[in-house]
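Reader: I am new to this one. Could you walk me through a few of its parts?

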Amino acid sequence: MISVLTLLAFLGCDEFVTVDTPNSQLTGSAVFEDSNTANAAMAAIYAKLRDDGFLSGSAGGSTAVLGMYVDELVYYGGTDENIFPFFSNNLLATNALVSQQWNTSYHQIYCANAVIEGCENSTALSNADKNQFIGEALFVRALVHGYLVGVYGDVPYIISTDYATNRLEERMPVADVFEMMINDLERAVTLLPDAYVSPERVRPNRSTASALLARMYMYAGQWAEASNAASAVINNSLYTWEDDIDAVFLKESSTTIWQFSPKLEGNNTDEGELFIFESGPPPYIGLSSELFNSFATNDLRKTHWVAAISDGTTTWYHAHKYKQQSNTGTSLEYSIIFRLSEQYLIRAEARARQGELSSAKEDLNKVRQLAGLASTTAVTADEIVAAVMLERRHELFTEYGHRFFDLKRNGFINTVLPQVKPGWNTTDQFWPLPENELLVNPNLTQNPGY
Amino acid sequence: MNKFSLFPLWAALPLPKLFSIFLFFCITVGYTQTVTVTGSTSDASGVLAGVTIQVKDKAQGTLSDELGNYTLSVLPTDTLVFSFVGYKTVEVAVGNQYVFNVVLQEDTTQLREVIVNAGYYTVKEKERTSSISSISANDIEKQPVTNLLATMQGRMAGVDIRQDSGSPGGGFSIKIRGQNSLRADGNEPLYIINGVPYSSETIGAISTSGFSPSLTSPLNSINPSDIESIEVLKDADATAIYGSRGANGVVLITTKKGKAGATSFTVNSSTSFGTVTRLPKLMNTQQYLAMRELAFANDGVTTYPSYAYDVNGTWDRNRYTNWQKEFIGGTANITNVQASVFGGSSQTKYLLSGTYRNETTVYPGDFNYKKGAAHFSMDHKSVDEKFTLTFSGTYSSQKNNQPTVNLTAISRTLSPNAPAIYDEEGNLNWEDSTWDNPLAVLQSKFTSKTKDLVANTLLSYTIFKNTSLKSSFGYSDLTNNELNAQPSTIYNPAYGVGSEISFLSTNLTNRTSWIAEPQLHWHASTGKGKVEALVGSTFQQQKTNRLYINGYGFASNSLLNDLASASLKTVDLSDETIYKYQAFFARLNYTYDNRYIVNVTGRRDGSSRFGPGKQFATFGAVGAAWLFSKESFLADNSVLSFGKLRASYGTTGNDQIGDYQFLDTYASSGTNYEGTIGLDPTRLFNPAFGWETSKKFEVAVETGYFNDRIFLTAAYYRNRSSNQLVGIPLPGTTGFPSLNGNLDATVQNSGLELTLRTVNFQRKNFDWTTNFNISASRNKLISYPGLEGSTYANLYVVGEPTSIIKIYHYTGMSSATGAYEFEDLNGDGIITAAGDRKAVADLNPKFFGGLQNQFKYKNLQLDFLFQFVKQQAFSSINGVPGLAINQLATVSDAENQQPFTAGGNSALTTAYSRYVRSDAAIEDASYVRLKNISLTYDLPLLRHQKIQCQLYLQGQNLLTFTKYKSGDPETKFTNVLPPLKVFTVGTKLTF
């Protein structure tokens, strides 16, 4: 019997139990030996950025969540959801969305790192393709880290796919994260081509990387660099100033630097779907009356980018930058991540901070003009900076959390928000790190207050 | 018989056969003294069908029919032997009598002669060296349930079964002797139906089925009323022959077969009514509003916010609705009809049965679950009994139409003064956009259709006297088609959207598998020794195809069920996975003097789920038994009638890790960007993982006293799993939540199982038997080098069970703020999960079991089963008290809690989030449940009417005794529908 068993032990027939790679999959290395499949790996990252994480226009994205976190949006949904604590400034380290945003972002970063490594190891891809994909992936890596550092504070900066090191990463000081992002973006600027690789500005080009670079320099307080990077975008002839306020958020807008291609043909934006309602009170999210009341009476944005819904006694507001809420057969609007106005405002601030007051006012007035407003009356550098801040609030509302980041970098967050947000604590300027993350990585620490 | 009428038939027969038949005929004719005897067989409680009536020392014999009648031609010199499993054999000399009405006496010791199915072989109960629990159709038929796992609950030692949800079509979870694998999804036993492995992996897509009834459990396809017996193989001796798939136990399902005798028809129909077992008591409007007002006051808010509709007067503050009653308080109706026909000769037997079942739900609205099944079985053996053929096939079709929203969860959280669901015209009431009407979602429709075919054939041929060649072939084909239609009307009309946003999600899953298992069986006897051996091999392949298609935008909501009408379609997934499996197995069994038994089994397995070089592994076990009651010093003991000591040791494995996990791949994301369908990295890559091994040890004593009227089995087992194959949890910074790999940790499951069967009364008209089982198991992490530096550091503790959860130690309420406080274990001045959540709670049951009693009085039979579980569970966790979420009624006692907050107080919110993960939130959830009760009455009809009629009443989960305050102790406060309390009335007609 034993001999029979021993005999059987050697009879393993390898061939029967060998299976081919399933037909819906490709091996990791094969993906980067072909331009089309490498491009598909990159396309998947944009789809992820569009549908999940900080850049998503749906309820969990930074537009909605950070808008509610500050004084931009009011939440009308039930209190039993994970969203309510963002509105009541009562976040817990166990909040599902806090953890989901963290995990989704690092997954997006993993995918970008996999593209970088795949392209670097590829033998068949052309140099032009490699530069294009690596440039895009570096841009994505910096972009996502930017939101992470903005909401969580010190965060690990992940630059490889190696789980052995990534699982033990420590929190990197904010300043170092900025340095890493700026490095990545400067590389991306050199690698990416000037022209868009496809017609609808849905893939980042060199100017897109410059636009993010300008924003990051501004956050880091490197004013000269911020001004130069913004100029690189503004001076690009691809972008021309739009004089019609209603055309700014159309998918053909000439001020768009980078926008998301929709999931389905004819789809419009997730933001439109989320914000627009036809009768009050708002079923889910409304624009705050604080924001609405802060607009000057003749500000065109108050009437063109905001809609008022009234039942006769009470009036509610919703963001109306995007006017379509469902599929229109042929898409009219795409979600715009970078647009020219922001670059003018970055340069205005950077110039003012460097004492270039008149050119700063010029940039600011460019934006005010479109809104139908008279030139600014600010005179001193401080006044101009304050005017730019107000302008940013009115120009960039419901666009990926600008208000939150601006209040924070200028140190106003703990003076402005307690007046309108009863649940606000000074430690709320950072989200908690997800509790699960702290439990599996002993090198991470929690933010104060959680 | 008119012998001449056979002549034309003869003409058609080939010559050699004709000659032999002619010879046979002459011989028969030669015995002129043959007499025909008739009679009936019965036992103390009435007709006993299927009794074997054999002529002693001759091949002649027959079986009594459904009415207990028989006819047999014999010689006056013959002796008739009446035998039936579980009864004492009766011998009667024929003499000059023609009618023998025999009443058989039950013989408890006969139970040892019962043949137990061990998968590749069968074994007599008394000679068994392994640990096998079983239940038979007798027990299964008494339970008005639809899932076969439900029939086993409380009846098997060491088998822990829980109902996941009371929703029709929902699943059950099963753990045989504890959780071996650290993987939550790698603990399923191997299911084998008539020799064909049956994949229990759930089917369907979350995107389609949404909440309910989560994913479809294929086990629902198996119709309990078609099952003859279920055997659960537990120890190494029984499971090692299943090698890599045996670590979590093996569930063998044998379907019903035909019986020889006159054609018999059975029709069984029943109607049941089901309601939810237990609901937690929630606040009424007065209590709820008092909580809310206090919460705002505590937060220092004097003007209620505009969106606080429940408390600011927008909603009627005097309105009260018991939402639990409204949403899950209905009565489910269950109709079940089964008809079968069986019969045949001693050579060929058949059975054909069909079942139809329809279940409605406890939810409002038109939801139901329908199941139809057909089962066919045929057995044939050649005249010389050398060749046998067994075929069985079952086909089932299920249609499940369930709500796509978790109404149980909503019913427990919705404010008690929330508005009416419907307005006066019967339309959905949106109360001016102040709420998302929870029943709006019921306009979406989820339908799941599952069709399942399982067929198998077993061919056996005796080559030599002691050697037979067997081969089993099996095929299964399962198709699941799911539709989830979401019309635009589920959205608040304030959005002003129409059918252009309506959405249809479909998925089609097809899983086919085939298996071939050629085997060679051999047995021999030498003196007092007896040897049995078998060698065999397995070739198996399973192919799963999935196709997920979504449709968006419809011209009208009335076209929503038609995918072709969608203006846009996307294919989210279209894939094919293949699982291939190959094995060689062997068994050698030696019995000496009916006293000493050794059983050796082994298997070498190869699985496509592992990478090159890691595909093969060998498993094996040794089992031994000593029937000490046969020893001379105990042979005539008047108290001890049976005694056996058995032990086993061996290894088994587990390959439940999913297909292709060793490959580093990119897969189609199914998501479009700029006209390109993306490619996603599928996982973190680790090609080096291999088989996980479980070493199982068991020792057991089986003893029978007073002619086996008391029969006690006590077993101790200790299973150790090492080299565990797990999804090692990883921090999000790695990009993925886990990595497949082998873990250098050893997990031990040990436990005690006791089974006691007593025949308390055995009289002519009254029988009372009791079955009792109890199991206590303990799981322990034996060793884990490097635990501290691993991602499991905050999950496990060496020396503690792997099922523990870490909790805070609650120390009371702060004297200053009233907030809950916890022990600062590491003394760093702050409470953190990593530093202070170190107390340990084990929510696994401490022990569980069942007590079954059976009473028979004349035509009346009463059975009942109490199931008991000793365990702890978390209390209700609805959310911070003070938010617009309903709470347990006990929460209105504000004095004994921290202050309520409406969301404005972070410190209280944080303290509450720790409280629900602390020892203060754990309560006793032990329970005793009247799991099943069945009363059967045989109508006393006259024998010659050839008809039998049985009336029965059955109940499932009728009574529950527990201290648990947060609802049902089986599903706990998990916001799933608790199990139903089912009451059944039915009749069974046989003719």
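What follows is a short exchange on a helix, a sheet and an interface.

Author: Keep one thing in mind: this is a predicted model.

Reader: How far apart are the end C-alpha atoms of helix 7 of chain B?

Author: Helix 7 of chain B has 14 residues, 285-298. At 1.5 Å a residue, it should span 20 Å. The model agrees, because the end C-alpha atoms are 20 Å apart.

Reader: Within what arc do the buried residues of helix 7 of chain B fall?

Author: The buried residues are T285(B), Y288(B), M291(B), R292(B), A295(B) and F296(B). Residues three or four places apart in an α-helix point the same way, because there are 3.6 residues a turn. Seen down the axis of helix 7 of chain B, its buried residues line one face, so they fall within an arc of 130°.

Reader: Which strands are the edge strands of the open sheet in chain B?

Author: The sheet has 5 strands with mixed pairing, in the order 11-16-17-14-15. An edge strand pairs on one side only. In chain B, those are strand 11 (132-136) and strand 15 (196-198).

Reader: Which residue is the bridge partner of V232(B)?

Author: Strand 16 and strand 17 of chain B run antiparallel, joined by 6 bridges. In strand 17, the partner of V232(B) is V251(B).

Reader: Which helix supplies the largest share of the side of chain A that touches chain B?

Author: Contact involves 82 residues of chain A and 85 residues of chain B. On the chain A side, 41 are nonpolar, 31 polar and 10 charged. The largest share is 9 residues, and it comes from helix 3 of chain A.

Reader: Which residue of chain B stands opposite Q25(A)?

Author: Strand 1 of chain A and strand 31 of chain B run antiparallel, joined by 3 bridges. In strand 31 of chain B, the residue opposite Q25(A) is A667(B).

Terms used. Residues numbered from 1 in each chain as written. Chains lettered and ligands numbered in written order. Predicted model: local features only at pLDDT ≥ 70, side-chain atom pairs only at ≥ 80, totals over all residues. Helix = DSSP H or I, 4+ residues; strand = E, 2+ residues; numbered from the N terminus. Expected span 1.5 Å × (residues − 1). Buried ≥ 20, exposed ≤ 12 C-beta atoms within 10 Å, placed from the backbone. Arc of directions from axis to C-beta. Pairing = 2+ DSSP bridges. Contact = placed C-beta atoms within 7 Å. Nonpolar A, V, L, I, M, F, W, Y, C, P; charged D, E, K, R; others polar.
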